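Please read it with the structure open alongside.

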Amino acid sequence: MSNFFEKSDVSRKEAESIISDTLQKCDDGELYLENSKSESILLDDNKIKNSSYNSDLGFGFRAISDEVVAYSHSNEISKNSLKQSSENLKSTLKSVKGTYNHEIPKSNKKYYDNINPIEQKSLNEKIKILNDVNDYLRSKGDKVKQVTANFLGEQKSVEIIRSGGETLSDVRPLVRFNVSVMVEKDGRKETGVYGVGGRQSYDSYLKDENWKSVCDEALRIASVNLESKPAPAGEMKVVLGPGWPAILIHEAVGHGLEGDFNRKKTSAFHNLMGQKVASEGVTIIDDGTIDNRRGSLTIDDEGTPTEKTVLIENGILKNFMQDRLNARLMKTRSTGSGRRENYRHIVLPRMRNTMMLSGKQTQEEMIKAVDKGIFAVSFGGGQVDITSGKFVFNCTEAYEIVNGKIGSPIKGATLIGDGPSILKEVSMVGNDMMMDPGIGTCGKAGQGVPVGVAQPSILINKMTVGGTKL
Amino acid sequence: MVKDQEFLETKASYCLSLAKKLGATDSSVIVKNSISETVNFRNKKLDESNRSDDLDLSITTYIGKKKSSISSSNLLNDNLNILIEKCIETTKNTPEDEFNSLPDRDLFAKEVKDLNLYDETHIENNQKIDYLKKLEAAASNDKKIVNTESSFTQNKSNFVLANSEGFCDGYKTSSFTASSVTVAKDEKSMERDYEYSSKCFLKDLDDADELGKLAASQTIRKLSPKKIGSEKIAIIFDKRIAKGVLSTFASAISSSAISRGTSFLKDKVNQKIFSDKINVFDKPDMLKGLGSRNFDSEGVKTDTLRLVDQGILKHYLIDTYNGKKLNLKSNGRCGGTSNLYFENGNISFKDLLNLNSKSLYITETIGHGSNIVTGDYSVGATGFLIENGEFKYPINEITIAGNFKDMFQNITLANDLEFKYATNSPTMLIEGMVVAGK
């Protein structure tokens, strides 16, 4: 736990009085303090390329009246700096008046331990694993031409001080281990990438030489791609594998169900509440409460405990994801979805772990049901245009399906679809829901936050595949 | 006010001397202060104000051929002492790499020219509000526009780069940026588009009225889009998308991708990779240029490079580490390109539209579909169908795909280059790409 005022010329009491004075005529707001420590150790091209450490400290002071947000941040926690921020907020909000909302739910639940993963494993141990990864992959044959592996670890302490001195705090560990391998055969090069992570120690993911399975998966994807042929172009049936392909859910509907876009009526979903937006049998939740997951949070960045929010239940749109500002303006409650990348950024409603729940069918049944289409197993990233609802994601491992059978691997291609209608095209939901391995980062308005996704295998009747083969 | 040179230099030299005392054989440090003030409007009303004051320091220490780095936003000497000690400790424990070193002494920038990158003018929030009011009034004039979000940011930065070889320099930069995102709606569809202007000097910023009108008209013309069938068709990239092709080219010729062997342009120097008439420049000393700089992020001098001459690749973008690995001298491109651009082609925009009886004009792409290892390209796209030189109707929910190796050989450029971003291209036509639609 950080004591943010220990080395500062401003005492906690003085800070509280500046906060209360600034926010007294506002509807909401808080002082958000953050102290984060992070490390990155990178092996690349047979060498430890980079070992770096970052220590970041700062505050973000926010005042909200009606729809107007005033924000000021600095990395100097001092009386002068706080006062300057306070003046800046007051000048923006001088003409508006509000009534401070003191209500903030309480919970004692915690979804990860108070640990510093960076200190739990020595630098030498981490370097040894990276070198072992390099040796292991390069021992797999001459076709392995390049290996990159890295550790990313972080401990972030946050404290939220509200008007009146109410204080909420959280300490968040986060780690990630990534492997990328490039293979070459007959002059053709392909890469495969895989990683694991979450809010636990490195050892929770890597003990008993478990890093080998991460290497094997990266190499398997790269090797499959060496044999790939050009992807088809046009509309066809698509079977998605379980787990990480759920970034389809994240892009296609997740962003469109964030409170801000719906309050502003810029989301293609804003007038669809209570209506059927997906096939029967499709249930999608956004859950911040799964132990140790990358997207989980004990409290969000406004201090609200996170929860399991049902977004779509059996095809019907039930809830949006809300932070305090959008919840107040839409006359509902925060779902504990208010997040920010760090103290430099304002809070936005964001996803946590977005999951489509299991149905009854098997992946085998889905493949059998397809005459001509593709089976997509692994993905790079995705993106959505909230307003038109069009979204894309990039396959990194996919196969053609011909007459109910899986055929040759195909080259990476972009798939494009329409968010509000794609879930109505889901004709089978698998019984094999799986979480992603813990590597996702979601970008919105220039802010990246760690998220998770999960889904079972699904069959989509019609999607456009962006290949080159007509 | 951003911190002055003296403050930044004092911090930098404190770090360098402490690192030396603790056993570093070499070290380099960057100290940077950046102050931004933003006002956001939504639907003609004040929506958000945001002030940020960021002070950051990062130091790299070397012990022989061992290297490590730290960065922090907490510049109190107490904290720096702890961090530099930690950095030295980590350096000792990091394996040697024969290519680790500061740049060669003769490559450091000797003179720092005034490139006109800093405007003293301070624009108060109420002046930003006046600009945004005018902008939003123009943007929301048409009743098809149902939402407007606009923003005005002033940024002032200052930095010092110093190292144990005696290099110590830095300078102030400023930027003024206005943008407007509009949403238009009709019975069939809802669409979004934007316009943007960013300049070093306030007085050069686009007129608020013009910017708002442009954002609105670009959005309205996208309404009621159609999906087309899959086919091979000539693609015309709007300037704002065409510059992305140059960015991919720049990543593919970065010395790190080349030395690691992960670029489709490896070993292509002195070979023809573009069509005959294509010339690409990277010009760091452009006055008021959004990508201008006096030296790269290692302090190495930067000269103008003619990267592509008549279609032939002439240079990689080289930093010290990867240069040593490739046995090449750094050309001052640590941190990437400066003002990167395609030289103008020799036909007008109008003639470009008329080159084919049917083509597709792309105004936006989504997705991260550029693979620099293989050169494969596949992204989602939005745009317009062009027939006989005329914009026929808007198109969406399609993808465009190809391979850069082929695409580069099939580029025709218009003569409408302007310097709106740090990386710029005239309107670009590429033959032979595949569109996937219905």
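Chain B of this predicted model holds nine helices and 18 strands. Its radius of gyration is 24 Å, close to the 22 Å that the globule rule gives for 438 residues, so chain B is as compact as a globular protein of that length. Chain A has ten helices and 22 strands, and 57 residues of chain B are in contact with 64 residues of chain A.

- Of the contacts in chain B with a separation of 6 or more, 73% are accounted for by residues 24 or more positions apart.
- For chain A the radius of gyration is 24 Å, close to the 23 Å that the globule rule gives for 470 residues, so this chain too is as compact as a globular protein of its length.
- The C-alpha trace of chain A spans about 70 × 55 × 35 Å along its principal axes, and buried residues make up 60% of the 470 residues in chain A.
- When contacts in chain A between residues at least 6 apart in sequence are considered, 76% of them join residues at least 24 apart.

**Domains of chain B**

- The domain assignment divides chain B into domain 1, covering 5–220, and domain 2, covering 226–438.
- The centres of domain 1 and domain 2 of chain B, taken over C-alpha atoms, are separated by 25 Å, and the contact between them takes 19 residues from domain 1 and 17 residues from domain 2.
- On the side of domain 1 of chain B that touches domain 2 of chain B, the residues fall into 13 nonpolar, five polar and one charged.

**The interface between chains A and B**

- In the contact of 57 residues of chain B with 64 residues of chain A, the elements of chain B that give two or more residues to its side are β2 (45–63), β3 (66–72), α2 (77–93), β7 (190–199), β8 (231–237), β14 (376–387), β15 (390–403) and β18 (428–436).
- The largest share of that side of chain B, ten residues, is given by β2(B).
- By class, the side of chain B that touches chain A consists of 14 nonpolar, 27 polar and 16 charged residues.
- Strand pairing also crosses between the chains, in that strand β2 (residues 47–65) of chain A and β3(B) pair in the parallel sense over four bridges, with S52(A) standing opposite S69(B) in β3(B).

**The surroundings of β3(B)**

- Within its own chain, β3(B) runs antiparallel to β2(B), to which seven bridges join it, and Y62(B) stands opposite K67(B) in β3(B).
- β2(B) and β3(B) form a hairpin with two residues between them, and G64(B) in the turn has a positive phi of about 60 degrees.
- Six of the seven residues of β3(B) are buried, which leaves this strand mostly covered.

**A five-stranded sheet in chain B**

- Chain B contains an open sheet of five strands, in the order β11-β10-β9-β12-β17, whose pairing is mixed.
- The edges of this sheet are formed by β11 (312–313) and β17 (423–424) of chain B, each of which pairs on one side only.
- Strand β9 (residues 280–282) and strand β12 (residues 340–342) of chain B run antiparallel and are joined by three bridges, and V280(B) stands opposite F342(B) in β12(B).

**Nonpolar cores**

- In soluble globular proteins, nonpolar side chains tend to be buried together.
- The largest nonpolar core in this model has 204 residues, and those with the most contacts inside it are V133(A), I374(A) and I236(B).
- Helix α5 (residues 211–226) of chain A gives the most to this core, contributing eight residues.
- Leaving aside residues up to four places away in sequence, I236(B) touches L352(B), L353(B), S359(B), L360(B), Y361(B), I362(B), I386(B), T427(B), M428(B) and L429(B).

Terms used. Residues are numbered from 1 along each chain as its sequence is written. Chains are lettered from A and ligands numbered from 1 in the order in which they are written. This is a predicted model: local features need pLDDT of at least 70, side-chain atom pairs count only at pLDDT 80 or more; totals for chains, interfaces and linings use all residues. Two residues are in contact if their C-beta atoms, placed from the backbone, lie within 7 Å. Ala, Val, Leu, Ile, Met, Phe, Trp, Tyr, Cys and Pro count as nonpolar, Asp, Glu, Lys and Arg as charged, and the others, Gly among them, as polar. Two strands pair if DSSP finds at least two bridges between them. The radius of gyration is taken over C-alpha atoms; the globule rule is 2.2 Å times the number of residues to the power 0.38. A residue is buried if 20 or more other C-beta atoms lie within 10 Å of its own, exposed if 12 or fewer, and partly exposed in between; C-beta atoms are placed from the backbone. Domain bounds come from an automatic or database domain assignment. A nonpolar core is a set of buried Ala, Val, Leu, Ile, Met, Phe, Trp, Tyr and Cys residues joined through C-beta atoms within 7 Å.
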